[in-house]
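Visitor: I'm new to this one. Can you put it up and take me through a few spots?

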Amino acid sequence: MILPLHAQQTTAPTLDNCDREPIHIPGRIQDHGALVAFDATGTVRYASENVEALLGCPLWPGSDLSALPQAPCSAVSEKVREGLQALRGEAEVPMPAELEAGGRVFDVVLHVSGKLLVAEFESRRHTPAELAVFAVQAHRAMEKLRRPRAIDELLQLATQELQALTGFDRVMAYRFRHDSSGDVVAESCVPGLDPYRGRRYPASDIPAQARRLYVVNTLRLIADVGAPTVALLQQTAEPLDMSASVLRSVSPIHIEYLSNMGVGASMSVSIVINGRLWGLLACHHMQPRQVPYSVRMACDVIAQVLSSNIQNSLLAANNGRNQAAATLRAQLIQDIVHSDDEFAALCRCAPELAANLQAEAAVVAVGAKMQRFGDVSEAAAKAILDWLAAVQGEIPADRLYQTHALPLMEPTLATDAAPWCGLLALPFDRERGGWVLFLRREQIETIHWGGRPEKEVRPGPLGPRLTPRGSFDLWKETVRSTAEPWDMVELDIAGQVLDEMQRAQHARHAELNRTRSQLMAMLGHDLRDPLHSISMAARVLEKGGDADGRTGRLGQRIQSSSGRMQRLVSQVMDMSRLQSGMGIDLQVTRGDVSALLADLIDEARTAHP
């Protein structure tokens, strides 16, 4: 987030700069533990400055594990050797364990980072008896959270259980939105603190790289916001990737953020669903607070139980909508395939589709025909269709278009298409201007922000930088020109409907072409015989004749007309051959245009005397 001096004139401080802050390689740790990284041979590559002071063991970069003195390094060496076996692929990474060294008790946490074994030694400040009580509390919390409940009820229960288990002053449950901002939907806090429930926090509060780490490392403790950090010593220029580290130091910007909130200690537990950060349990304490590693792991398991229950609730709700949508799709496709009027078939299913997609209005349009459903005016529907026709080249072929802020995409629609802001457009036949539109009204929303969301630019030692918000007092903002966004389930349903419509349309066109070719071939075959009979009868009439020659002229006319019909039948059959890809033979002859025109005039005079 700090800009280098040479970039000050060319790079403006933006949220993108924040997203590039390398928080996974800080080169420092928090001061309530020590960290050492070994290669596969047991040689130390990285070590925190406090390692000898805490462990009483000289683990410095370049030192060899096998060359360390037995006392007081034997216990440390034993734990590390188990991890080295895992690094070499000979065993699994050992579970966290207890270690007594330098007159202190530590939780030893091992993990593999690239080609290195990272060993972290976190000092323990609680007795085994105290930890046993925590274990019983955690078990009870898990049992409560396993029971099926509404999502908001689950989140509120989770905040209560985590507060009771950890002793934090405040525990909040965030639920992230489509734009990565987060709403505080549940909260448990001690009396006297300003409640944050119902407030929204902008996406910029959690930069992109921090979100990635929340998925990789689902629990994060900052034991003392104001404590100094400890540097890592190393012999190589390459920094140590500390993404999975429990002692990794905190970004100075985040420390400033927490300090502005008056927070002395913080813990976050991720709610991960389908590999993405769905929510967050954020714990704040006004004073420093170190939660034991075993208790934190219990909190992590509680969050996993919570995530599983939430995912089941979401799946149950989504399955119901998907099943209803599947029934509608089957009905729609059957109607399109077997109906002579595709437009009418779409109109019959449009209201039910709109209800399934939670749209307030729908429009079906093919060429000059348009049918509206719901309280949408003809002028608004036509304005949206005209705009889609103008920009359809920018929309990927055979793909739906969706927005929840239509007036922001095209300012003229703020008036012409009012009050509709949410648009889900399915282009099922672009050549004929075939669209199915689903619409949502403008949703005027008052957002209760946890402080003004904009960050300020202030000068720093290396140039301008973005600073965290200094105030978290309630700040209200009214948002217009937007509708409720289309969620992933609705977009999936709409995409499946569009795919099925296009497949049904292609099948229908193929069937029509096949039927047309068969009809042409059948007509050509079935008409030749009767025409031949007519031609023979005409010859008889022509030769028989009467006194005034009228019968002979009629015979000539019948023969001439039947000959023309035979030529037409031959042309139909030629067309059938062309459409079936068989090709056609051309016979070029000279003709008398005057005689042709005279014959046509005589034929017309006979038909209409």
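Guide: We can start with Leu600, which is partly exposed, with a relative accessible area of 31%. Keep in mind that this is a predicted model.

Visitor: Where is Leu600 found?

Guide: Leu600 sits in helix 15, which covers residues 593-607.

Visitor: And what does Leu600 form with Val593, Leu596 and Leu597?

Guide: Together, Val593, Leu596, Leu597 and Leu600 make up a nonpolar patch on the surface. The accessible area of the four together is about 350 Å².

Visitor: Changing topic. How many salt bridges does the structure hold?

Guide: There are 19 salt bridges in the structure.

Visitor: Pick one. What does Glu122 form a salt bridge with?

Guide: Its partner is Arg296, and the closest N and O atoms of the pair are 2.7 Å apart. This pair links distant parts of the chain: Glu122 belongs to strand 6 (residues 116-123) and Arg296 to helix 8 (residues 293-338), 174 residues apart.

Visitor: Is Glu122 buried or exposed?

Guide: Glu122 counts as buried because its relative accessibility is 1%, and buried means under 20%.

Visitor: What about Arg296, buried or exposed?

Guide: Arg296 is buried as well, with a relative accessible area of 2%.

Visitor: Okay, another pair. Which side chain meets Lys144 in a salt bridge?

Guide: The side chain of Glu161 does, at 3.0 Å from N to O.

Visitor: Why does Glu161 count as buried?

Guide: Because its relative accessibility is 13%, and the cut-off for buried is under 20%. Lys144 is partly exposed, with a relative accessible area of 32%.

Visitor: Which side chain does Asp194 meet in a salt bridge?

Guide: That of Arg199, with a distance of 3.0 Å from N to O. Asp194 counts as partly exposed at 38% relative accessibility, whereas Arg199 is buried, with a relative accessible area of 8%.

Visitor: Last thing. Which residues are linked in a network of salt bridges?

Guide: Arg321, Arg440, Asp487 and Glu490 are linked in such a network.

Technical notes:
Residues numbered from 1 in each chain as written. Predicted model: local features only at pLDDT ≥ 70, side-chain atom pairs only at ≥ 80, totals over all residues. Heavy atoms only, no water. Patch = residues over 30% accessible without salt bridge, like charges linked within 9 Å, V, L, I, M, F, W, Y side chains within 5 Å. Areas by Shrake-Rupley, 256 points an atom, 1.4 Å probe, with all protein chains shown as cover. Helix = DSSP H or I, 4+ residues; strand = E, 2+ residues; numbered from the N terminus. Buried < 20%, exposed > 50% of the residue type's maximum accessible area, 1.4 Å probe, protein only.
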